Amino acid sequence: MMDWTDRHFRFFIRLISKQALLYTEMVTTGAILRGKDNHRYLDFSKEEHPISLQLGGDSPVALAECAKIGEDYGYDEINLNVGCPSDRVQSGSFGACLMKEPDLVAEMVSACKAKVKIPVTVKHRIGVNGKESYEDLYHFVSKIKDAGVDHSIVHARIAILEGLSPKENRTVPPLRYEDVYRLKEEFPDLPITINGGIKTHAEIKEHLTKVDGVMIGRAAYDNPFLFHEVDQLYFGAKENPLSREEVLRELISYIHSALKKDGKVHHILRHILGLFHGEKGAREFRKFLTDRMHTIGANESILEDYLKR
């Protein structure tokens with residue numbers, strides 16, 4: 001979800017669900033430790049809690065330092081990404097290729113645990129090409145569990161590190177949900193969340209009979225209103241969620257504040273194009289926004305005008 005789950009998208013989703021745990025984009029240790037503008041990568045709105053800082057890197061020392069910085073910023077969790085298959089991540093020797101090095105990942109977990117008091121979790125695949133058996137997965141998870149990992153988030157596909165694009169790696173390798181279920185059976189004391197290809201509440205409810213949590217990735221972007229009933233269905237919330245129109249009204253003041261800080265309206269509105277996914281008028285909503293949000297002087301009045309229609 002790099003370049004997608006930025007702070008604007010997370011604020012938007014938080015209007016729809018108050019309880020779901022949100023994740024940042026993966027931020028590399030180099031960007032935090034050597035970058036000129038840490039705040040660009042680490043700042044978030046207080047409304048975004050609970051929120052996990054997702055880190056990418058292969059140095060236990062650097063990851064631990066970044067984990068401490070994240071804790072000091074107020075993040076609720078540190079998540080180590082060992083599942084991203086993109087070329088730019090592989091060129092830095094981290095992401096999914098680290099599944100070939102379970103001892104190193106365990107060292108990364110241990111180093112972060114020694115630095116912070118908040119949970120340290122790992123997001124990973126069920127394997128990579130060449131290390132794709134259940135036995136390989138069991139060995140990997142046993143290593144990070146022994147290192148003290150608090151939670152394992154498992155994308156139920158292997159990552160094919162050569163020959164497939166990141167997009168293809170989200171669809172081409174077959175889903176193996178049973179492997180994740182088996183992990184939960186064999187590691188009953190380790191919280192395990194499942195990820196990959198999950199798009200409906202019926203699917204979520206079925207998975208929750210076998211594992212502890214469900215992570216929604218691309219579907220959260222394509223159909224953000226999927227989260228409309230999350231608080232009521234899974235967290236016992238009693239209050240009524242906001243309607244789509246109420247979400248748009250809340251965004252008007254958010255956009256106004258963001259533009260005062262030199263933001264651009266299209267940086268925010270690009271994230272909400274799926275708000276009416278599957279509803280009558282969805283195409284017209286997308287066209288209304290895309291026709292206007294790149295114009296000179298575009299501001300929150302785009303949403304005000306839409307709501308007047």
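Helix 6 crosses helix 7 in a right-handed manner; a crossing has this hand if the near helix is turned clockwise from the far one by less than a right angle, and is left-handed if anticlockwise. The contact joins P102, D103, V105, A106 and V109 of helix 6 to H139, F140, K143 and I144 of helix 7, where contact means heavy atoms within 4.5 Å. By class, six nonpolar, one polar and two charged residues take part (Ala, Val, Leu, Ile, Met, Phe, Trp, Tyr, Cys and Pro count as nonpolar, Asp, Glu, Lys and Arg as charged, and the others, Gly among them, as polar). The model is predicted, and local features need pLDDT of at least 70, side-chain atom pairs count only at pLDDT 80 or more, and totals for chains, interfaces and linings use all residues. Residues are numbered from 1 along each chain as its sequence is written, and side-chain values use heavy atoms, with hydrogens and water left out.

Helices (H or I, at least four residues) and strands (E, at least two) are DSSP runs numbered from the N terminus. Axes are lines fitted to C-alpha atoms, for helices over the stretch in contact, and angles run from 0 to 180 degrees between N-to-C directions.

A second pair consists of helix 1 (residues 7-16) and helix 13 (residues 244-260), packed at an angle of about 150° with axes 10 Å apart. This angle makes helix 1 roughly antiparallel to helix 13. Residues R7, H8, F11, F12, L15 and I16 of helix 1 meet V247, E250, L251, Y254 and A258 of helix 13. Eight nonpolar, one polar and two charged residues form this contact.

The largest nonpolar core holds 93 residues, and L248 and L251 are among those with the most contacts inside it. Such a core is a set of buried Ala, Val, Leu, Ile, Met, Phe, Trp, Tyr and Cys residues joined through side-chain atoms within 4.5 Å. Helix 13 gives the most to this core, with seven residues. Apart from neighbours within four places in sequence, L248 is in contact with I272, L275, F276, F285, L303, Y306 and L307.

In strand 6 (residues 151-159) lies I158. Residue I158 counts as buried, at 11% relative accessibility (buried is under 20% relative accessible area, exposed over 50% and partly exposed in between, with a 1.4 Å probe and protein chains only).

Technical notes: Angles under 35 degrees count as roughly parallel, over 145 as roughly antiparallel, 65 to 115 as roughly perpendicular and the rest as oblique.
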